[in-house]
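Dear colleague,

I am passing on a structure that you have not worked with before. Please look through it first, and then read the notes below it.

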Amino acid sequence: MQILVMAATEMEIAPFLSDNSSTDTLITGVGAPDAIYHLLKRVHQIDYDIIIQAGICGSFSTENNLGDCVLVKQDVFADLGINERNNFFSLFDIGFAAPDNFPYKKGWLINEHALINEAPIKKVKGITVNTVGENKAQTDLFIEKYQPAIESMEGAVLHYVCLQENIPFLQLRSISNFVGERDKTKWKMKEAIHHLNITLKQVIDQHTNCAFNANQ
């Protein structure tokens, strides 16, 4: 089985990189532009059976514990739109795009592949943003509009590209901080990366074994 593991930074999957000998990896850089370019370039060179994006994220809810791993079921480019009259309007809101035009469904990029249901990991709703910070007004706006569990800076790229290219995918995230908390002493970066890499290996082993057994 041809698997690609992608991450924004080497730091996020450093333990996996040090032990991995067979799975392809891709470090895209931080943010959607770099992620789109490098992912598209790679998938046009190699046909993958699964692409797994692994990275840390911020959580909007204290119901999620720092260090917990989640799979993102649906994602969206949350800040792609227009700010007007102290409100935010997405491209769908203002009619610049149709919310059910492929690969979107009701404005979301949804992973409906059976792969996501096979893993015993909590499934959540995520958003992808170009700017992270401590702007409470922006955080409140995103919560009201999308009711997300987590945020990242590259997640929707994986969903968009893989849906367009018809490639099975998983977005695996580990929570390092709560959204808006910029005091790094309150982050659990080390724990998040540790749990992320353990879970990443488990997910890969599961699908590799399934593929091996299917070929027997």
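A polar contact here is a pair of N or O atoms within 3.5 Å, where within protein one must be able to donate a hydrogen and the other to accept it, and where residues adjacent in sequence count only if both atoms are side-chain atoms. This is a predicted model, in which local features need pLDDT of at least 70 and side-chain atom pairs count only at pLDDT 80 or more, while totals for chains, interfaces and linings use all residues. Residues are numbered from 1 along each chain as its sequence is written, and side-chain values use heavy atoms, with hydrogens and water left out.

The side chain of Thr128 makes such a polar contact with the side chain of Asp75, at 3.0 Å, and the side chain of Thr128 also reaches the backbone nitrogen of Ala156 at 2.7 Å. Thr128 has a relative accessible area of 3% and is therefore buried (under 20% relative accessible area, with a 1.4 Å probe and protein chains only).

Ala156 is one of the buried residues of helix H5, as are Gly155 and His159; this helix, residues 155–165, has 8 of its 11 residues buried (helices are DSSP runs of H or I, at least four residues, numbered from the N terminus). After H5 comes Asn166, whose phi is positive, near 60°.

A search of the whole structure finds 0 disulfides (pairs of cysteine sulfur atoms within 2.5 Å). The sulfur of Cys69 has its closest cysteine sulfur in Cys57, 8.8 Å away, which is too far for a bond. Cys57 counts as buried because its relative accessibility is 4%, and Cys69 counts as buried at 16%.

Best regards

Methods:
Buried means under 20% relative accessible area, exposed over 50%, partly exposed in between (1.4 Å probe, protein chains only). Helices (H or I, at least four residues) and strands (E, at least two) are DSSP runs, numbered from the N terminus.
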